[in-house]
Amino acid sequence: MDATKSNNGEKPVSSVNRSSNQNQPKKGTRQESVQNRAKFNEEDAITNREEEKETSQRKTRGKTLCKKIHARTLEERVEVTFNEDFQPIGPSEKVVSDLSLFLGTLARNSTFCPLCYTNWSGMPDDNKNRFWRYTNRKFILPVEARDWIETTVREAWRRYKHKIKKNHFLKYSNMTERLKNRPPNVPIAQFKSLCAYWSKETIQAISENNTRNRAQLKWMHRMGPKNFALTREKVREKEKREPTQSEMFVETRKGNKGKELDVETGKVISQLQEMVEKEESDTEAFKVVFGKECPGRVRCYGRNITKTSLKRKAEINALKQAHSEEVSTLRDEFQDKIDRLQNAFKTVIQQCNPQINIESIEDLLGLSHGDANSSPKDIRPQMHSSTSTHAPCHGKQSINEDVEKDDINDEIQEDDINDKIQEDDLNDKTQEDDVDDEFQEDDIDLDNEFQEDDIDGEFQEDEVDEEFMEDDISNEFQEDDLDDLLLEDKLE
C-alpha cells in the first residue's frame, strides 16, 4: 500500500493545511454554539417560569380545611349567639367567620353533600341530619338555627359545583381530558354523573340563559364573605335603632378596603339620599329605585329572611309593645292602690292613737322619711362590731344613747299599738260571742216551740184515732143487734 494513504483510504492532510485549518473557524461549530445558546436561553426561561409558578403557588392561601375546628371535642365547643331572625352575630366576628368557613368545608365534602344530585331539593334528609349533628358537635347552636345552617351549606354547595364546572368541565373539550384533569377530592362516579348532566342540550340552554341573567346584575355588594347580620348589628348599635334598607345598601356597597364606588352605584346612592331628604319614607324610596321584592328573599337582610317572616316579626313586636304598655298601666294602678291603702292606714292609726308620730307609722309600713321603697332597716343606725384602739368620743356616745332612747320609745309605742289592737280584737271576739249566744238562744226557743207544736199535733191525732175506734165499736154492736133480731124473726 502507498504510505501516503491512510487505512481508510483517505489522503493524509499535510501539516501546513492542518495548521491553517485550525486557525480558520469552522462553520459547523459556529452553528452549534448558536443552537446551544438558544437552548440554554430556553431552558433558563422555562426554569424562570417554573420558579415564578412555584412562588405564585406559595403565595396563595390554598383550600380552607378548618382542621382545628374539625379536631374539637365536645368540651371545646364554642357557643354561637343569634339575633331575633336566627342569624349568627356573635359572640365575636371570628366565631361567626369560623362557623361559615366550617360549613363550607362540609359542603365540599362528598360524604356529607355528594355531587350526584342535580338540585338541593333532591338531597336526602339523612345527609342533612348528618351534617347538622356533626355541626352541633363542634359548635353550641340552638335548634332554631337549623334553617340558617342548611341555607348556608346549600349556597356553598352550589358555589362548589359552579367552580368544578368552570375549571374542570368547560375548560376541556372531550371527556378523556376532563377525566384526566378531574378534581382530586371528587369521586370519579360523581364527576361522571355531573359531566353527563352538564352535557345535555336542555341543561346547556338553561345555563346560557342563567349566565345572561347573571351578567345583568348591578350594584353588587362588597362585603365579601362577611355576614350581613353583623353589619346590621353594628349599624343598630351605632344609630340606636333598627337600620333601614337604604342605610344597609349604602353600608354594604362601601366595602372595607376604601375603594372608590363605580359610577352606577354612586348614582343610586345619591338618588336614595335625595329621596329620603325629601321626607319620603325609606321603604317607598327603596321600592321606587329597585322595584318590588322578589319572592323568597328581601334585599339587604341576608339569608333566610322573607317578606312573610318580616311581617310576622312586626306583628310579634306590636303584641309585645301592647303587652308591655298594659303591664306598665297595671303596675301604676297597683302602686296607686297601695299608696291609698297606706294613707288610709295612717289616718286610722292616727285616729286610734293621736299621740303616735307619723315617722313611727312609716316605720311600721316599711317606709323611710325620704324614700318610700327603702326598708325600715335602712333607717336604723348600723352598729359596728369592731373595736377601736383610739380614745372614746363622748359626743358619739351621747348621740348613740339618744338614738337608742328613740328606738326604745318607738318600740314602746309599737307595743302600745299592738296591745290596743289586741284589746280591740278581744272586744270584737266578745261581741261576736254575745251575738252567737243570742242566736243560739233564739234557736233553742224556736226548737222548743216546734217541739210543743209537734206534741199538740200528736195528742190531736190520738184523740181522732180514739173517736174513730169508738165509732167502729158502736157500729159493730149495732150490727150484732141486727143479727140477733133477724135470728129471732126466723125462729118465730
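In the predicted model, leucine 141 is in contact, beyond its neighbours within four places in sequence, with Val80, Phe82, Leu99, Trp132, Thr135, Asn136 and Ile149. Leu141 is also among the residues with the most contacts inside the largest nonpolar core, together with Leu99, Leu103, Cys113, Phe131 and Ile149. This core comprises 35 residues. At least two of its residues are supplied by each of helix H4 (93–107), helix H5 (125–138), helix H6 (146–168) and helix H8 (188–198). The greatest contribution comes from H6, with seven residues. Apart from this core lies another, of 14 residues, which includes Phe228, Phe249, Val289 and Cys300. In soluble globular proteins, nonpolar side chains tend to be buried together.

Helix H14 spans residues 307–352 and contains 46 residues. From its first C-alpha to its last, H14 reaches 68 Å, close to the 68 Å expected at 1.5 Å a residue. The buried residues of this helix are Lys313, Gln342, Lys346 and Ile349. Helix H15 (358–365) is included in what covers these buried residues of H14.

The confidence of the prediction was also examined. The average pLDDT of the protein is 75, and 61% of the residues score at least 70. Over residues 1–27 the pLDDT stays under 50, and the model has eight contacts for this stretch beyond four places in sequence. The pLDDT is likewise below 50 over residues 369–404, a stretch with 15 contacts in the model beyond near neighbours in sequence. Where pLDDT is low, the predicted coordinates should not be read in detail.

How values were computed. Residues numbered from 1 in each chain as written. Predicted model: local features only at pLDDT ≥ 70, side-chain atom pairs only at ≥ 80, totals over all residues. Heavy atoms only, no water. pLDDT = per-residue confidence, 0-100. Contact = heavy atoms within 4.5 Å. Core = buried A, V, L, I, M, F, W, Y, C linked by side-chain atoms within 4.5 Å. Buried < 20%, exposed > 50% of the residue type's maximum accessible area, 1.4 Å probe, protein only. Helix = DSSP H or I, 4+ residues; strand = E, 2+ residues; numbered from the N terminus. Expected span 1.5 Å × (residues − 1).
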